[in-house]
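Hello,

Here is the structure I promised to pass on to you. Have a look at it first, and then read my notes below.

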Amino acid sequence: MIKLIVGLLLAGSVAACGTVTRGTKEQIAFDSSPDGARAQTTLGVACTTPCTLDIPRKKEFSVTMTKEGYDPQTVKVITRLSGKGAAGVAGNVLVGGIIGAGVDVATGAGLDHSPNPVYVDFKTPENTSKTPAQPKPGPYKPNGPQPITTPMS
């Protein structure tokens, strides 16, 4: 009987592994071009870009960004099973049984939000929620004087 109780306690302690390692909230970044937009979520929290909010992992929401002189832009943020979350749930099934996996599913610990970061481009709305383009690196051009090299024979 004692072994059974100890076994259940041990299984319960590792059952919520994903909940412990990933948490039940996720930091969502909000950014805009130009900066300084008001980001208002349907969850009732808001900030001014660039900013970050802690959002419960299992909550889907919309965010409307407003900036004077521009049309408001709304982005839907969904949840999806993340690779790390799926691995955690699978590990819980093996170690903590169906109870452990159930805890992670119930708390949302296996989920990530998408898009994250949430990006609004007021000047080019079709670029909203796309990561801003990064400049392509050109060929390497060293600065300053370079040593003279002669071909080896």
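To start: is Phe 122 buried or exposed? Phe 122 counts as buried because its relative accessibility is 6% (buried means under 20% relative accessible area, exposed over 50% and partly exposed in between, with a 1.4 Å probe and protein chains only).

Before the rest, some housekeeping. This is a predicted model, in which local features need pLDDT of at least 70 and side-chain atom pairs count only at pLDDT 80 or more, while totals for chains, interfaces and linings use all residues. Residues are numbered from 1 along each chain as its sequence is written, and side-chain values use heavy atoms, leaving out hydrogens and water.

The mean pLDDT (the predictor's confidence in each residue, from 0 to 100) is 74 for the protein, with 53% of residues reaching 70 or more. Confidence is lowest in helix H1 (residues 2-15), with a mean of 48, and highest in strand S2 (residues 38-41), at 98. Helices (H or I, at least four residues) and strands (E, at least two) are DSSP runs, numbered from the N terminus. Over residues 85-90 pLDDT stays under 50. Where pLDDT is low, the predicted coordinates should not be read in detail.

**The aromatic pair**

The structure holds 1 aromatic pair (ring centres of Phe, Tyr or Trp, its six-membered ring, within 6.5 Å; planes under 30 degrees apart are stacked, over 60 edge-to-face, the rest tilted). Tyr 70 and Phe 122 form this tilted pair, 5.5 Å centre to centre with 40° between the planes. Tyr 70 lies in the loop between S5 and S6 and Phe 122 in the segment after S8, so the pair ties together parts 52 residues apart in sequence. Tyr 70 counts as partly exposed, at 31% relative accessibility.

**The core**

Val 118 sits in strand S8 and is buried, at 0% relative accessibility. Val 118 is 90 residues from Ile 28 in sequence, yet their C-alpha atoms are 7.5 Å apart.

Happy exploring!

Methods. Contact = heavy atoms within 4.5 Å.
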